[in-house]
Amino acid sequence: MSYAALSTPEIVVGLDLGSTKVSAVVGEVDADGITILGVGNVPCRGLRKGVISNIEWTVRSIREAIDAAQTMAGVEIRTVYAGIAGSHIRSHMSDGVCAISGREVTRGDLERVLEGARAIPVDADRMILHALPREYVVDNQDGIRDPIGMSGVRLQVRCNLVTAATSCVQNVVRCVERCNLQVADVVLEPLASADAVVSEDEKEIGVAVIDIGGGTTDLILFADGGVAHVSVIPAGGNNITSDVAAGLRTPMAEAERLKRNYGCALGRMVNDDEEIEVPGVGGHGPRRAARRLLSDIIEPRVEEIFSEARRRIEETGLLEQVSSGCVLTGGAALMEGMVECAEEILGMPVRLGFPVGVRGIVQLVQGPQYATGVGLVRYGAQQLADACPRGGLVSVEQAVGPSEATPKQKSGLWSWIRAAF
Ligand SMILES: Nc1ncnc2c1ncn2[C@@H]1O[C@H](COP(=O)(O)OP(=O)(O)OP(=O)(O)O)[C@@H](O)[C@H]1O
Ligand SMILES: [Mg+2]
């Protein structure tokens, strides 16, 4: 990541709309990097499995999170990079080709060839969220990451097209705009999370990032430096909590507390003599239970999630290419035994992914549940840097403001969505 093109500091705000919380992360980006200035974190019940299901509740949480973040940061927030997830997200490969007639490849050629890759029919109720280049081919030379400056007659791109249900994207934009904020871009949450927790080297060697949140588990695969697969598994930490509540016959809030404090994803890591106190439900008093019982409830659900992730990785045929293993992030990754369980089921090295690559008040965003918020700031910062013409100066308004300036805002579909309001 390089923000060297930025000659004046800019404010970038990431808005993570999660199934359990809304996080607004305010960063200041300059040529040296990103400084976190403020964070607003508010519980939210307006989303189900990563998709907005209650506009009012979501708007209220966004307002509160933004208010808290701007008070802490001491800046006025006008524009945000908003995250989107949910099982409506799909990805598939698409190729684009354009002629370069023997001259050097320019940035304009890259835009043209990507436009070509985007020009495929998508269902009427879906829109393209991202066209993520995996490799470029100049004449017969493939595997090129950055073709700018190379000469040839034919430029081809192989990219991963990520599509989303238009109504879900509209709802994100609608909620943000109801808070008198502008959406600079709607960004795929797993893409943002991965950006915050894995290095460019890992992406190059091949890595799987699994973000286990409250409502969903997002899977993103990188091979040869590019995104090779994205999908969303509709299960997460909330399912574990429900299983615990039903299995131990205890209220949801108590199940959540027991899960966080004593939960373990691998039963055999728990000593048989450990006990926990389980509050009763419906007038029943508390009782003692083996901690092993709790992990026996949790383990099958975690196994189910990782088995599904493995099945999806195998289906892409990329299992062998994920050489640097898997990075687990998202709040539910914090549970004891998650890494060990993932290693067993995925059959690869697994580590926990904490957000990196930022400075400032990092202690507020150091948990894996902030990977998406921090990643959205990093994504926005990169967009701003890319929009700067060779070290030139671009203000926030010029780069992401109401004028159509970001790549997606330029696209016809984006204009169409905005016009639809
Ligand atoms: N220490 C912990 N042990 C176990 N689970 C935890 C712990 N801390 C948080 N969680 C779980 O993490 C989940 C929330 O994670 P996160 O904040 O990443 O989700 P989200 O972004 O709101 O949801 P999603 O990404 O699915 O839309 C909750 O289910 C919560 O119970
Ligand atoms: Mg999340």
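How many residues surround ligand 1, and which are the closest? Select ligand 1 and see: 19 residues surround it, and the closest are S19, T20, K21, E256 and K259. A residue is near a molecule if one of its heavy atoms lies within 4 Å of it.

A word on what you're looking at: this is a predicted model, where local features need pLDDT of at least 70 and side-chain atom pairs count only at pLDDT 80 or more, while totals for chains, interfaces and linings use all residues. Residues are numbered from 1 along each chain as its sequence is written, chains are lettered from A and ligands numbered from 1 in the order in which they are written, and side-chain values use heavy atoms, with hydrogens and water left out.

**Polar contacts of the ligand**

Stay with ligand 1 and show its polar contacts (pairs of N or O atoms within 3.5 Å). Pick E256: a polar side-chain atom there sits 2.4 Å from an oxygen atom of the ligand. On S19, a side-chain N or O atom is 2.7 Å from a ligand oxygen. For N238 the corresponding distance, from a polar side-chain atom to an oxygen of ligand 1, is 3.5 Å.

**Helices 6 and 7**

Next, select residues 237-248 (helix 6) and 252-262 (helix 7). Helices here are DSSP runs of H or I with at least four residues, numbered from the N terminus. The two pack at about 110 degrees with axes 8 Å apart; axes are lines fitted to C-alpha atoms over the stretch in contact, and angles run from 0 to 180 degrees between N-to-C directions. Helix 6 and helix 7 are therefore roughly perpendicular (65 to 115 degrees).

Show side chains for the contact (heavy atoms within 4.5 Å). On helix 6 you'll find, among others, I240, V244 and L248, and the helix 7 side includes M252, L258 and K259. By class, this contact has seven nonpolar, three polar and two charged residues; Ala, Val, Leu, Ile, Met, Phe, Trp, Tyr, Cys and Pro count as nonpolar, Asp, Glu, Lys and Arg as charged, and the others, Gly among them, as polar.

**Helices 4 and 10**

Jump to helix 4 (residues 189-197) and helix 10 (residues 371-387), whose axes come within 7 Å and cross at roughly 90 degrees. That makes helix 4 roughly perpendicular to helix 10. Their contact divides into eight nonpolar, three polar and three charged residues.

**Helices 1 and 3**

Last stop: helix 1 (residues 55-73) against helix 3 (residues 166-177), packed at about 50 degrees with axes 9 Å apart. Zoom in on I55, T58, V59 and I62 of helix 1, which meet N171, R174, C175 and V176 of helix 3.

Technical notes:
Angles under 35 degrees count as roughly parallel, over 145 as roughly antiparallel, 65 to 115 as roughly perpendicular and the rest as oblique. A polar contact is a pair of N or O atoms within 3.5 Å; within protein, one must be able to donate a hydrogen and the other to accept it, and residues adjacent in sequence count only if both atoms are side-chain atoms.
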